[in-house]
Amino acid sequence: MLRLDFRSLILPIGIVRMVEVLLTCICFALAASAGDIATSHWAWCMFCWCFCCFTTLLIIILEFTNLNTKVPISWEDFTMAFAMLATLMMFTIAIIYPKFFSCPSCSRQIGASVVSWLCYGLYSAEVWLVHKRPGETSGFLTTVPGLLKILETFVACIIFMSLSPADYKVVPGTQWCVAVYSICFVFSLLIVFLTIAKLSSIFPFSFDKAVISFNILAVAMYATAVVIWPLYVFDANNCDQCSRDDLVVVTSMTIINFFIYTGDLAYSVKIVFFSYHGQE
């Protein structure tokens with residue numbers, strides 16, 4: 001029998017989520033009414049507002065109807081992962097949208113930019129509220145390696161948003177870099193999914209050690225991309241028709257993700273090998 005939980009709507013985290021739904025809807029409406037701009041940056045902003053709005057609304061409905069206790073996933077991991085991802089999304093939008101689409105006379109674009117900063121603040125507050133929620137055990141995605149996994153996938157999304165086919169289709173080296181971004185993104189996303197769905201225990205081998213093996217491979221692959229990508233794309237002959245700003249973003253995010261994967265590997269090795277051995 002369906003049992004409604006009105007208390008979930010009046011708790012601080014419930015109020016924050018309802019305001020998030022309202023403000024992301026306002027951002028989407030303001031940007032949409034300002035006109036259709038066919039660029040990857042505009043599409044990213046619209047996707048983020050839409051994704052965050054509907055996912056937050058889904059979380060509110062599931063907790064209000066207590067159906068969140070019926071779904072076969074780690075609810076805490078899911079809500080923390082989403083809140084972290086939404087915070088990062090809103091932060092990038094708050095920077096990207098005013099830079100590319102706002103002007104002193106653009107009232108709707110200015111409004112969307114200001115409200116995006118408010119959304120960023122609200123989702124940051126949600127991360128803190130989910131983390132401090134009493135009576136619950138922290139899951140994998142609330143730990144440092146889990147948060148790093150979310151960060152890895154998010155940085156990869158920024159890379160994909162900034163990529164243009166003209167930047168990488170000509171040279172095999174840059175095609176390899178795009179393959180690196182794609183492979184690492186898919187496997188990081190798969191690890192997050194398996195953790196949230198509580199499927200890591202079905203593996204006939206150590207899931208933690210499999211994650212470490214992937215991290216070693218990811219660090220090695222990103223190390224090649226850190227060298228190859230700027231070496232080819234900043235060649236004067238290859239940058240006549242492309243945006244240098246986007247190339248700088250991809251290069252910067254490649255370096256950042258290399259360090260994130262390196263930190264993830266170091267922390268995972270410490271937990272799996274040294275912490276476990278210390279407990280024995």
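A residue is called buried when its relative accessible area is under 20%, exposed when that area is over 50%, and partly exposed in between, with a 1.4 Å probe and protein chains only. By this rule Cys-106, at 15% relative accessibility, counts as buried. The model is predicted, and local features need pLDDT of at least 70, side-chain atom pairs count only at pLDDT 80 or more, and totals for chains, interfaces and linings use all residues. Residues are numbered from 1 along each chain as its sequence is written, and side-chain values use heavy atoms, with hydrogens and water left out.

The chain has 280 residues, of which 46% are buried. It contains ten helices and zero strands, where helices (H or I, at least four residues) and strands (E, at least two) are DSSP runs numbered from the N terminus. The pattern along the sequence is accordingly written α-α-α-α-α-α-α-α-α-α. A contact is a pair of residues with heavy atoms within 4.5 Å. Among contacts between residues at least 6 apart in sequence, 79% join residues at least 24 apart.

Two of the helices were examined in detail. The expected span of a helix is 1.5 Å times one less than its number of residues. Helix H9 (residues 207–233) has 27 residues and reaches 37 Å from its first C-alpha to its last, close to the expected 39 Å.

The buried residues of H5 include Ala-112, Val-115, Ser-116, Cys-119, Leu-122, Tyr-123 and Glu-126. An α-helix has 3.6 residues a turn, so residues three or four places apart point the same way. The cover over the buried residues of H5 includes H2, H3 and helix H4 (75–101). Gly-121 also lies in H5 (residues 107–131), but at 36% relative accessibility Gly-121 counts as partly exposed. The C-alpha atoms of Gly-121 and Met-90 are 8.7 Å apart, although the two residues are 31 apart in sequence. In H9, the buried residues include Phe-207, Val-211, Phe-214, Asn-215, Ala-218, Tyr-222, Ala-225 and Trp-229.

A disulfide is a pair of cysteine sulfur atoms within 2.5 Å. One disulfide is found in the whole structure. It joins Cys-103 to Cys-106, with an S to S distance of 1.8 Å. The torsion about this S-S bond is about 80°, so the disulfide is right-handed. Cys-103, at 25% relative accessibility, counts as partly exposed, whereas Cys-106 is buried. Cys-157 is in no disulfide, and the nearest cysteine sulfur, that of Cys-48, is 8.0 Å away. Cys-177 has 0% relative accessibility and therefore counts as buried.

The structure also holds one cavity of 30 Å³ or more. On a 1 Å grid over the protein atoms alone, a cavity is a set of points where a 1.4 Å probe fits but cannot get out, and lining residues have an atom within 4 Å of a point. The largest cavity has a volume of about 40 Å³, the volume being the space filled by probe spheres set on the points, which are joined across faces, edges and corners. Its lining consists of Ser-8, Leu-9, Gly-14, Arg-17, Ile-60 and Glu-63. Helices H1 (7–10), H2 (12–33) and H3 (40–64) each supply at least two residues of this lining. By class, the lining has two nonpolar, two polar and two charged residues; Ala, Val, Leu, Ile, Met, Phe, Trp, Tyr, Cys and Pro count as nonpolar, Asp, Glu, Lys and Arg as charged, and the others, Gly among them, as polar.

Definitions and conventions. 1 Å grid on protein atoms, 1.4 Å probe; cavity = no way out; pocket = protein on both sides within 12 Å on 5 of 7 lines; lining within 4 Å.
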